Structure formats: structure tokens, C-alpha cells
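I opened this notebook to record what I looked up in one model.

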Amino acid sequence: MTPNSLSSWSALKAHYEHIRDARLRDWFAADSGKPSRAERFTFEGGGLAADFSKNRITEETLSLLVALAREAGVEKRRDAMFAGEIVNPTEGRAALHTALRATRADAPYHAEVAAERGKMAAFAERVRNGAWTGYTGKRIRHVVNIGIGGSDLGPKMVVHALDHLSHPEISTYFVSNVDGADLARVMDRIDAEETLVIVVSKTFTTLETMTNARSLRDWFVAKGCPESALAKHFVGVSANPAEVVKFGIAHDNVFQMWDWVGGRYSLWSAVGLSIMIAIGPLQFDALLAGAAGMDAHFREAPLERNLPVLMGLVGIWYRNFFESQSYLVAPYSEALHFLPSYLQQLEMESNGKSARLDGGFVDYPTSAVTWGEPGTNGQHAFFQMLHQGPTIVPIDFIAVLRPEHPLASHHPKLLANCFAQSEALMLGRTVDEATRVAGPDKPELVPHLVFPGNRPSTTLLLDALTPGSLGALIALYEHKVLVQATVWNINPFDQWGVELGKILGKVVEADLTAPVFDPAKHDSSTSALIERARSAAKAN
């Protein structure tokens, strides 16, 4: 099956040609009836609200998009994922991240998940209450999470977002880059006697993670920690406990990962141990509960009012019909600073594919480039392009209605910017309006004051930034990815594109340090780069 061979796709193509030049400001101007356009295109689920009214869609658009979802088998694939069927065929695995937050006793792997979470909670409480101490008997005041990709981005995003709920005596750091500057920066801020290291790697062989872990282990020893006491400072999260023990971490300090959870979907598991230590087991449970609420909404709500389905389909509308190459995530919340980075992996590693499930190759665009920055910072960086550039970039605005901080007087200004930006992007400014703004003495300014408008956006609303609302927001995007992957007929749960660079990287690393280098092993550019690096190393 290819989506562009479906009858619903053809109907959408014809519909697109019909409304492609329609203007949002005209639709809103003609909106005199009840319910209003905003009411007709605002939907709720899992504790979140989404206003789709500033998108270039009509009721017919949504109806046709939902027909596409049904014809492509979104409901069937969704149900297969929740049931634990093999939905990752290239690796022969299920994708059961939803089981990590399921409350039903009949959910797949319920007993194993509950047992591991109980082990996490007991450990986290010991660290939080000071019962777990370092080798000199001092309580833990620094937690360093070493991982990369899904072992870093999700936990880092959540810990930062929920900092207002974090333990006041424990600071959490994240190290991912193999660039030594990343680890050195953290080493300058921590005390070996008061530091706990969480090494997170599914295989426990990941180059970046294990390089950083070994360097930090050596640092502990250099600071006076006996090797026999390293167990007080290192724990591991992995699906390969034998490798964890081989590294030198005590067997009792190993937390379980499962191969039926992909890295970018794993923050709900022991990969989230740093989260649980930071905010506590009860708040971690609330994070899971929020995600479970969105899971229930995704499973049960009609497709016509289903937030993940609508988010995914509107994204397809722009990617495949308007041919937008990227989309922006703009959280108007500094606490959500790392959400765009997290979503970059979730969306592009999942759906940046050109091979279909049947082994054929796509002849239609798949994942858009995902990018973003918190507002209001983005307004002073790239919003110029969004407003007046020739490229249409759909935007997800994310707003939190009640602040999590005490500076309440700032919040109306923040929300005003968020809501005004979506309005300005939608309305634009006509030549006549620009002429009035420029005034009679500055006609040459008119072209520069025109805004095309008709720029689409969705606004997601959270009542407050709580563990529950954050969990729902993350799950919303997880399920959006599945919806789009199903329509595109690709596998969102593998990541073979990561492998080739890793394989070649090992060869290049050996050549950088080998006594003798044979430039014939590589292309001329790569060989020249290696030669320059070798010369620089010798100069040091």
C-alpha cells in the first residue's frame, strides 16, 4: 500500500487544489455564526486542548483526512501496538512504551514493569532522603545522567520542565556528547564524595556513553574513591546487565530496560531514574498517569475528535499537499526549553524513512524537519522569516495558562506574545494596511511592511505545567508519530539510518590514532581531514 494510491488521497489532492488559495482571515471574517470557527476546530483530550482553527482547513478537509486515516489502517495499527503485536517488523519487536504507564493488570508485561518501578522508587527514595551515601558517608547532592539520544533527551527535557518540583538539595546534570568539554563542564561542578552517576545504555556498548562513563569512573578514582567503593557512586540502566557488571557496576545497582521499548520512547522506564530522583516517585507516577490518560484518549476517542490523530493528519496535510519541508515547535514556556530537541529525535528518527514496510521505496515526502525554540526568544531570532519569508512553516504553539513560578506578573506578557504571534501569522498585513502604517511620506516602506499572512498554526494549551499535563503532552506527540507513520506506510520504531555513520566512525577513529595511515582507505576528502587531524595531534 502507498498512501498516494488511496482514493482518500486523491480526494484530498482535489480538495487541496480547490482551497489552496483560500485565506484564513476571510474564513474568520465570515465567521458570524455559532459555534464559531474557534469552537468548531478546538478539541480536548487527555487534559489538553488544541485549537486548530488557524490552520488552512475546513470541515471537509478534516473529514477527508480522517477518511485517509481509516483507509490507511490507523485504527488497526494503533490497536496492534497497544496489544503488544510486532509493529517493528525490521527488528521483530513490539513497541510497548504504553505498557510502562498502563494501570490495567492485564496490560502486557504488567508484573515486570511494576516490579522494576518499585525497585526504582525504593532506590530513588534512599537517594532523596539521604540514606544512600557516597564512599565517605556524605549524602548525594549531585546526580549525573550519562546517556545519548533517548537515554538523554527525554529525561533531560522532563527534569528541566519540572524543575519547580525537584528536590532542593539535589542537582541533576546530563552528559551526552563525546566531546570532552561536555563532561569536563560537569566535573567542574560536582564533588566526587556527593555524586551519583547513572549510566544509561540499552547495549552498554554505545561509544559516546561508555567513553564518558569510563572517564568519569577514572575521575572518581583520581579524586580518592577506592575502586571497591565505586558501587556507591555508579548505577546502570541497560538491557544487557552482563555488560553493566563487566564495566564494574554492582549487579544490585542494575536497572532493567526491555527490547520492546525504543530508546526515544523510554523515559517512562528505568531510563527515567534521574527524573524519579529529581521529582520523587509520586510525581513520577503522576507523569505516567498523564501519559496513560492520553493513551486512553488515543484508543477511545473517535478519530474526528482524537488529538493525536488530528495532529498527525494536519501535519500530513502540510507535508504532503502544501509540500512544507519543516515545522516549528514553539513552546511559550522556558521550562519546556528542551522539548523541541526531544521532538527532533522523536519525529525525525521515527519517521525520517524512505523504505516502506513492504520493502519498496516511498515516492512521497515523509518526516518534516522538526525544529524550535521557546518563545519569546524565537521572536527575536527567526520569526522574521516565519512572518515575511517565502517559505510556509506550520507551527505548534504551546502555552501554559498558569505559571509554575512566583513571578506571576510576567505571565500575561508571555501569553500575549504567544496568542498575538499566531494571530499575526494568520492575518498578515495587506498593501492597504501597510500604506496606512507607512504614512504618506514613506511610500517606499510599503513593500517592507506587507505581511503575507495565511501562515498556519495550532495552539496547544496546558492548564498548568504539572507532571500529568507534561506526560499527556509527550504521549500526544508519540502517538502523532504513529499516525503519520501508518499513513506513510513506514516503520517508526527502528533507526537503521544511525548505523552507517557509527560503523565508519570506528574505522576513522582507528586511522586518527594509528602509527601509520593509509589514505587509500577513504575518499580524498575524508583522508585529507584525517591527515589534518593527525598533524594537529602531533603538534600538541
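Entry 1. In which helix does Ala72 lie? I found Ala72 in helix 4, residues 59-72. The model is predicted: I took local features only at pLDDT of at least 70 and side-chain atom pairs only at pLDDT 80 or more, whereas totals for chains, interfaces and linings use all residues. Residues are numbered from 1 along each chain as its sequence is written, and side-chain values use heavy atoms, with hydrogens and water left out. Helices (H or I, at least four residues) and strands (E, at least two) are DSSP runs, numbered from the N terminus.

Entry 2. Six strands form an open sheet with mixed pairing, in the order 1-2-11-10-8-9; two strands pair if DSSP finds at least two bridges between them. Strand 1 (42-45) and strand 9 (369-372) are the edge strands, each pairing on one side only. On average, neighbouring strands of this sheet are turned by 20° against each other, direction ignored. For angles, axes are lines fitted to C-alpha atoms, for helices over the stretch in contact, and values run from 0 to 180 degrees between N-to-C directions.

Entry 3. I noted that strand 10 (residues 395-402) and strand 11 (residues 457-464) pair in the parallel sense over seven bridges. Val400 has Leu462 of strand 11 as its bridge partner. Helix 14 (residues 339-351) packs on the sheet and touches strand 8 (326-332), strand 9 and strand 10, with its direction at about 175° to that of strand 9. Helix 19 (residues 467-488) lies across strand 2 (48-51), strand 8, strand 10 and strand 11, and runs at about 150° to strand 11.

Entry 4. On a 1 Å grid over the protein atoms alone, a cavity is a set of points where a 1.4 Å probe fits but cannot get out; a pocket is an open set with protein on both sides within 12 Å along at least five of seven lines, and lining residues have an atom within 4 Å of a point. Grid points are joined across faces, edges and corners, and a volume is the space filled by probe spheres set on the points. I found three cavities of 30 Å³ or more. The largest cavity has a volume of about 230 Å³. Its lining has 21 residues, with Val314, Gly315, Tyr327, Lys480 and Gln484 nearest the centre. Helix 13 (307-321), strand 8, helix 14, strand 10 and helix 19 each give two or more residues to this lining; the largest share, five residues, is from helix 13.

Entry 5. Finally, I looked up the largest pocket, which holds about 1100 Å³ of space. Among its 42 lining residues, Thr203, Thr206, Gln495, Glu499 and Lys502 are the closest to its centre. I recorded helix 20 as the source of the largest share of this lining, six residues.

Definitions and conventions. Contact = heavy atoms within 4.5 Å.
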